[in-house]
Amino acid sequence: MNKIYKKALVIAVCLSSVGFTLNSCKDAIDIEQPGLLDDATLFTSVSNLNDYLVGSVYANMDTNNDIYFSAVFTDEVKPGAGSGGQEYEIHRYFIDPTTGLTTGIWAQHYLVINRVNRLLAGAAKVTPAASEVAQYNSIIAQARAIRAFCYLQLETFFAPDMKDANGLGVLLLKDVPTVDVKLPRSKNQDVYDFINADLDYARSILTYNAAAGRYYVDKGFVNAVSARFNLYRGNTTLAKQYAQDVISNAGLTLTAASAYPTMWNDTARGEIIFALNRLATGNGSSIGTRWNTNSSSITGNPMWALGRNLFNIINTTPGDVRRTVYIDATSIIDPNYLTSTSPRDTDQLVIDKYPGKTSAATRNDLKVFRLSEMYFILAECETAANNFAGAATLIQQVRAKRYNSGTAPLPVYASSAAAYADILKERRVDLALEGHRYIDLKRLAVAAGVTMDRNQTDDVVTVTNLPNNSYKYTLPIPVQEINLNPQVQQNPGY
């Protein structure tokens, strides 16, 4: 295993032409696999490029670790009755450069970036026929949009301050690296310029294509990435522009309460802009096994239950469809949970937001972008512009679609703090267990005048809430990078 595993983690991922995991890399990296294809023999035609895009780029996109870490680390979940203690240290904020889950986030997105870089290098050597030019350009555009998304995810978790253009960003890999390359971290602006170049190219090629479905990159994906990216970096003008573009042109509408369950059991697209496809049988991680061992019911050995305060918000809103969608009907709900001697056993709020597909109880698509997020982005942008009435109307529109009555009261915001607090509250509910809460608390908690919000029963030890502005709202660079690449600077606090 000495050829590659002695390289820093990102370079190890990028030099490997086969699938990457931390364990299999150790065992098989020196073995010359029979029939192994190198780039020269793989990328010979537009058809080959498309096969690689689908089978090696799309197939390796995964936000499972992102979702799971965000939920466990914040106030979205509490230990379930079937828990064996897994990730308790993360739930209690013990993270460092050796933490496997955070290393997985880093490695997974760089794996996809590497696959895109390989595809683009191969595409440069392919000359499409006249009849193939449109497909060829679309392949490149999809790949570059995916690369932009992966860099956004990395910046989200590993950049200390995304609003600081000169602050520390992540490693910027523009091409397939050579064996002995050692890269420093780029500043945010350099990463942002690269992201924007990819998004601008993809936007110039792709169109809104509702017929392609939710599993393929189109202009809706590109503009959704752009909206989220610009919101996080503090450019509310562009965030508003791209979020509104998606709302106006994606051909989607907010999913009404009557149809909301079908979006989560994957029988209908609903308002999903883009999702990672997880067939009942096939490759790709199973999000359901993060919460429940066998099925999303009380007999499915729940490892993590819904956080009590999150449940309380949903449970006190009459007619909110998310009450029945997020929490399974077999749950044990203890009205006296605060005085229970064992609330983990007496107050079992079984997570059912990912109920599984037919004959696959733990497998659901990973929802990457939904239309409701675009409304929330617009609401933040209006708040930043002191248009509190406009922000309130946007939040009301989402809530009305989630309530069985089809109506919702119009909130009234007297200050930006009040508006941000209500937006953060609605994001907490509607985007629960989708990977947003960690970055949302980092971005908005101070402006909203709130903190993380765990219930005192959300752990079997004394519960704490991570203070705002904690350095732990940025993940550590994995130890493999730090030890083997002296150019890489660790994040503050680690």
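The legends below describe close-up views of a predicted model.

Residue numbers start from 1 along each chain as its sequence is written. Local features need pLDDT of at least 70, side-chain atom pairs count only at pLDDT 80 or more, and totals for chains, interfaces and linings use all residues, while side-chain values use heavy atoms, with hydrogens and water left out.

**View 1. Confidence along the chain, by pLDDT (the predictor's confidence in each residue, from 0 to 100).** The chain average is 93, and 93% of the residues score at least 70. Residues 1–5 fall below 50; this stretch has 15 contacts (heavy atoms within 4.5 Å) in the model beyond near neighbours in sequence. Residues 17–36 also stay under 50, with 26 contacts beyond four places in sequence.

**View 2. The largest nonpolar core, with 139 residues.** Such a core is a set of buried Ala, Val, Leu, Ile, Met, Phe, Trp, Tyr and Cys residues joined through side-chain atoms within 4.5 Å; buried means under 20% relative accessible area, exposed over 50% and partly exposed in between (1.4 Å probe, protein chains only). Phe-69, Trp-106, Tyr-151 and Phe-369 are among the residues with the most contacts inside the core. Helix 8 (residues 133–158) contributes 15 residues, the most to this core; helices (H or I, at least four residues) are DSSP runs, numbered from the N terminus. Beyond four places in sequence, Phe-369 touches residues including Phe-149, Phe-221, Arg-228, Ile-272 and Met-374.

**View 3. Aromatic pairs, of which the whole structure has 22.** Tyr-151 and Phe-194 form an edge-to-face pair, 5.9 Å centre to centre with 85 degrees between the planes. Rings of Phe, Tyr and Trp (its six-membered ring) pair if their centres lie within 6.5 Å; planes under 30 degrees apart are stacked, over 60 edge-to-face, and the rest tilted. Tyr-151 is in helix 8 and Phe-194 in helix 9 (residues 188–205), 43 residues apart. Tyr-151 is buried because its relative accessibility is 0%; Phe-194 is buried at 13%. Elsewhere, ring pairs join Phe-69, Phe-73, Tyr-93, Phe-157, Tyr-438 and Tyr-473 in a cluster.

View 4. With a relative accessible area of 7%, Asn-455 is buried. Its side chain makes a polar contact with that of Thr-457 at 2.8 Å (N or O atoms within 3.5 Å, one able to donate a hydrogen and the other to accept it; residues adjacent in sequence count only if both atoms are side-chain atoms). Beyond four places in sequence, Asn-455 contacts Arg-308, Asn-309, Asn-312, Tyr-337, Leu-338 and Val-463. Arg-308 lies over the face of Tyr-337, 3.7 Å from the ring centre (criterion: NZ of Lys or CZ of Arg within 6 Å of the ring centre and within 35 degrees of the ring normal).

Terms used:
Helix = DSSP H or I, 4+ residues; strand = E, 2+ residues; numbered from the N terminus.
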